[in-house]
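Colleague: Can you walk me through this model? I have the structure open and would like to go through it piece by piece.

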Amino acid sequence: MTATTTTTRVIRDHERPLWRRVLVTREFAIIGLLALVIIVASATIRGFGQPITYNYLLLDVAPILLIALPMALVMVTGEIDLSVGSMVGLASVVTGVLTQAGAPFGVAALAALAVGLVGGAFNGFLVTVVGLPSLAVTIGTLALFRGLAVGLLGTTAVTDFPELWTDLAKAKIAGTTIPYIVVPFLILLVLFVVLLHFTPFGRGIYAIGLSKDAARFSGVHVERTKFILFMLAGLVAAFAGIFYTLRFGSARGDNATGLELQVIAAVVLGGVSVFGGRGHLHGVVAAVLLIGVLSSALRLAGVTSDVINIITGGLLIFSVVAASILSWAERVRARGGPSRFAATS
């Protein structure tokens with residue numbers, strides 16, 4: 001019976017044309033909605049279609065784009081990291097404190113990256129070795145990292161950074177209005193896409209999200225895989241913290257407060273299941289850009305930040321509800337499969 005059901009599902013999955021299996025997905029629905037919002041906003045909101053608007057838009061969403069990449073992989077395994085926003089703040093403070101103490105900026109930045117790596121390893125150790133749930137662990141480290149950041153600087157801020165670096169963080173690629181931060185993001189995007197979709201390590205990530213026990217029996221190193229992903233999340237969050245510091249020219253203990261919620265919202269909106277086992281990076285990137293474009297357009301239209309948050313939250317809830325309805329419909333369709341298969345045989 002199980003073999004018949006599996007065979008039926010495979011046949012039903014592939015009875016649709018390839019273009020429908022590729023294009024008729026949640027991820028491409030987000031991409032289509034992104035394109036629609038850009039077109040409508042450009043036609044109806046004064047100033048939205050200007051190149052400078054897209055420049056500031058990319059600068060605003062850059063930290064979210066960066067952190068969403070490893071966060072997506074962590075969530076595909078069924079885990080979560082709520083500490084990334086606090087790690088951005090801690091990396092910012094470490095960069096500022098060391099620069100203020102006279103260290104070369106390159107040394108300060110490397111130290112901040114090392115802090116991110118250690119913080120991610122700490123999360124990974126508690127989750128994979130001690131066996132604690134990632135939600136509880138990262139709520140704790142969210143408070144821990146933020147407390148360290150505020151404790152190091154208090155209510156003061158470091159604003160004296162080399163002009164070369166602050167200018168570079170806001171500089172545009174020659175002949176365009178695209179900021180340079182897009183370059184490291186694209187490099188990381190390619191690396192994460194290859195890692196997730198074209199390597200045995202990536203297949204192991206999906207397997208863990210579907211079933212840890214089955215993945216383990218299949219030879220996947222479950223704990224090691226999760227540990228590596230938490231380290232990557234901490235490292236990329238620290239890099240985002242360095243960019244955040246240079247972009248605004250200020251290192252503060254409260255930098256990027258609440259950023260983790262924006263990252264998680266974008267990842268879920270982009271099609272990554274909160275239960276693990278499903279998700280693609282092109283959907284995540286499109287969701288980050290969709291939220292950024294929507295927020296930018298609404299701000300230019302004079303909408304207050306509170307209303308923008310309500311609209312963004314409503315969009316996220318709608319996407320989750322819609323995904324649940326589609327999943328239910330697929331289950332109903334699958335239950336009707338065996339009898340139909342038997343009848344046609």
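**Working through the model**

Modeller: Arg 203, at 52% relative accessibility, counts as exposed (exposed is over 50% relative accessible area, buried under 20%, partly exposed in between, with a 1.4 Å probe and protein chains only). Keep in mind that this is a predicted model, where local features need pLDDT of at least 70, side-chain atom pairs count only at pLDDT 80 or more, and totals for chains, interfaces and linings use all residues. Residues are numbered from 1 along each chain as its sequence is written, and side-chain values use heavy atoms, with hydrogens and water left out.

Colleague: Where is the place of Arg 203?

Modeller: Arg 203 sits in helix H10. Helices here are DSSP runs of H or I with at least four residues, strands are runs of E with at least two, and both are numbered from the N terminus. The C-alpha atom of Arg 203 is separated by 9.0 Å from that of Val 220, 17 residues apart along the chain.

Colleague: And Leu 210, buried or exposed?

Modeller: Leu 210 counts as exposed, at 66% relative accessibility. Helix H10 holds Leu 210 too. Leu 210 and Gly 277 are 4.6 Å apart in space, C-alpha to C-alpha, and 67 residues apart in sequence.

Colleague: Next, H9. What should its 16 residues span?

Modeller: Helix H9 covers residues 182–197 and should span 22 Å at 1.5 Å a residue; the expected span is 1.5 Å times one less than the number of residues. The end C-alpha atoms of H9 are 22 Å apart, which agrees.

Colleague: Which residues in H9 are buried?

Modeller: Val 182, Phe 185, Leu 188, Leu 189, Phe 192 and Leu 196. Down the axis of H9, these buried residues fall within an arc of 120°, so they line one face of the helix. That arc is taken from the directions from the helix axis to the C-beta atoms. Exposed residues Val 190 and Leu 191 are on the face of H9 turned away from the buried side.

Colleague: What covers the buried residues of H9?

Modeller: The cover includes helix H4 (51–76), helix H10 (200–210), helix H12 (222–248) and helix H14 (281–300).

Colleague: Staying with H14, is Ser 296 buried or exposed?

Modeller: Ser 296 lies in helix H14 and is buried, with a relative accessible area of 7%. Not counting residues up to four places away in sequence, Ser 296 touches Phe 48, Thr 53 and Leu 57, where contact means heavy atoms within 4.5 Å.

Colleague: New topic. How many residues has the largest nonpolar core?

Modeller: The largest nonpolar core has 86 residues. Such a core is a set of buried Ala, Val, Leu, Ile, Met, Phe, Trp, Tyr and Cys residues joined through side-chain atoms within 4.5 Å. Met 75 and Ile 67 are among those with the most contacts inside the core. H4 gives the largest share of this core, 16 residues.

Colleague: What is Met 75 in contact with?

Modeller: Leaving aside neighbours within four places in sequence, the contacts of Met 75 include Ile 80, Ile 264, Val 267 and Gly 276.

Colleague: Which element gives the most to the lining of the second largest pocket?

Modeller: H4, with eight residues. A pocket is an open set of points on a 1 Å grid over the protein atoms alone, with protein on both sides within 12 Å along at least five of seven lines, and lining residues have an atom within 4 Å of a point.
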